[in-house]
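Here are some notes to go through with the model open beside you. Take them one point at a time and find each residue as you read.

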Amino acid sequence: MKRLLLVALLLLPGAARGHEIGTTQVRLAMQRDGTWSALITTGPQALANKLEVKTRQPRSSDLDAAALRARLEQLIDPLAEEIDVRFDGAASPARAAIDTLELPPDITLPSFVVLRATGAIPPQAHTVTWRYRLAYATYSLTFTASDQGSPLTLWLEGDAATEPLSVAVSATPPTRLEIVWQYLQLGFLHIIPEGLDHILFVLGIFLLTTKLRPILIQVTAFTVAHSITLGLTMYGIVSLSPRIVEPMISLSIVYVAVENIVTATLTPWRPALVFAFGLLHGMGFADVLRELGLPRNEFIPALVSFNVGIELAQLTVIAAAYLSVAMWWRDKPWYRARIVIPGSALIAAIGLLWTVQRIAGF
Amino acid sequence: MPSAAAARLAAPALLTVAALATMGPARAHDFWIEPSTFHPAAGTTVTIGLRAGQNFVGDPVPRFERGIERFVVRQDGSEQPVVGIENVDPAGFLQARGGSTAVIAYASTGAPIELPAAQFEDYLRQVGLEPIIELRARRGERAKPGRERFYRYAKALLTGERTSAAVTQPVGLAYEIVPDTDPTDPAAPQNILRGRVLYANKPLAGALVEAYLYSDPSVHFATRSDAGGAFAFALPRAGIWLVKSVHMARASIFSSADWESFWASLTFELPAARPPPGAQDPR
């Protein structure tokens, strides 16, 4: 699961929920000759100013390309000290040099400097971490392991360090099939066992009647509705605060359970209400999925498979309830009095408790 | 209106904290406008850089249209958009008219951020939002991560040939620092900057307002706004200054965040003080 979350976050720049994305980019590579190299592309004047402040020197400004290069060369040692590369926790001192400096005479065009930092990889090193202490904004780090496999792109918040990365073996990007399978599992696991509120809602739908058709009508309405809002919310088309959605989901559980106590037939308004409740549950699913992140290049397969996972979990809940209860006792005269009403009352009480907790908690 | 309050503030404010800028681990990043020059000649092109960082040291932020609510310049009585190229730093450029002081204003559309509880409280302390920590405690939320949506409201003044009343008027940002007089005026008293902080166009009391000197960010002053939203600083040196303040409010029930933070900043160049009339040139 952790690996899945990591992969999801790595693939999705939008998942870097932090400060503004700046102009810095870093390419870090482990070489087969036992060295590492980093190409840091960044704004040259801002870099010079950061180092000047760090070394308590006057800030420069309005320098031409030659003067700025000279200034940065003077500051190259303090710069190298801010590049923190560690192998299995031990620092590998960096040497730095200016690779390229572009300072167009037209001030409306972007200027940049490319710095090359290098260092040694200790023998038998397993993992490496990267930290660039001169960054404030969010930036991208592209990492290539020594097997020269597929590069991995990470989004780092300012001067944060990466998690340990394998020196020798590239992180293989997951295939579409793997992503589909992983998000299918996530969708399923979000209901069973993590989504007790959704389980109770589905049980509420199930307990209304032992007839198949009313159950199918309700499940279909619920599925269509939550699929709509899950998709629309993930695309940013609709949005509603969890402070509204979560108590409303609890209330929806109370409603279906109380109606089960009042009536044993499918009222004309029940499918419409279940549909409306499904819209809310879909937003709740979207909140979870947003936290997990969706891979940008496999957005739709991941979204659809997450939803399918939810459906499979719902059907599993209904199947389990049928096999454990209804199949044996649905024709008994006491089924409603001993199963449906107490079960629904319990579900309603739990739903009511959650409603109060969620309102008070928010 | 705020001048009396500011005058009352002035004396203690002159003695406000002057401390070395701390390069601590907290991750509250300020946001400000850094033009290519603060005193452009008429007709010259000025690039408008956006910066995110701490203690007036930061990273360039490229233009990102979807993140911009408003990016304008007010000069010589009219307002124009600040144009620029997507995903490029500098984020905008404009043609300076050079007449009266120009006001550049930037507002972001807001972005979500979530911080672990301890880190969130560190940052709240860093920007002077201790009342929010207390509020979270009263609501039993201290263990919860801080889910907020942050908005940037940056302004910069470009010195012109004459001062402008527009400098002392709000430009309509949700959270805004408004000077009482044009601080770029070389004829104005140079050692005190007085102003107001306005939230939703109303004075905000108790806001931490800080000032940093560009040439030496270790020169740092801090004060709190009074009941009328007024603040005052002694700015001991000519040069480029950043004045900034952060406000936070509970997000509306329709927001997906719990809190909304509003980051106001004002950058300008304080001219060297003119010798008082009758004073002799020491040379």
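1. Start with helix α3 of chain A: its buried residues pack against α2 (44-54), α4 (76-81), β5 (95-102) and β6 (112-120) of chain A. Contact here means heavy atoms within 4.5 Å. Helices (H or I, at least four residues) and strands (E, at least two) are DSSP runs, numbered from the N terminus.

2. Before going on, keep in mind that this is a predicted model, where local features need pLDDT of at least 70 and side-chain atom pairs count only at pLDDT 80 or more, while totals for chains, interfaces and linings use all residues. Residues are numbered from 1 along each chain as its sequence is written, chains are lettered from A and ligands numbered from 1 in the order in which they are written, and side-chain values use heavy atoms, with hydrogens and water left out.

3. Which residues of α3(A) (residues 65-74) are buried? They are L68(A), R71(A) and L72(A); buried means under 20% relative accessible area, exposed over 50% and partly exposed in between (1.4 Å probe, protein chains only). An α-helix has 3.6 residues a turn, so residues three or four places apart point the same way. On the face turned away from the buried side sit the exposed A66(A) and Q74(A).

4. Now the rings: there are 20 aromatic pairs over all chains. Rings of Phe, Tyr and Trp (its six-membered ring) pair if their centres lie within 6.5 Å; planes under 30 degrees apart are stacked, over 60 edge-to-face, and the rest tilted. F201(A) and F277(A) are edge-to-face because their planes stand at 90 degrees, with centres 6.0 Å apart. This pair links helix α6 (residues 196-207) to helix α9 (residues 270-292) of chain A, 76 residues apart. F201(A) is buried at 0% relative accessible area, and F277(A) is buried too, at 12%.

5. Over in chain B, Y123(B) and W263(B) are stacked, 5.9 Å centre to centre with 10 degrees between the planes. Here helix α2 (residues 117-126) is linked to strand β18 (residues 259-270), 140 residues apart.

6. Finally, have a look at R59(A). Its charged end sits over the ring of F56(B), 5.8 Å from the centre, and R59(A) also lies over the face of Y214(B), at 3.8 Å from the ring centre. The rule is that NZ of Lys or CZ of Arg is within 6 Å of the ring centre and within 35 degrees of the ring normal.
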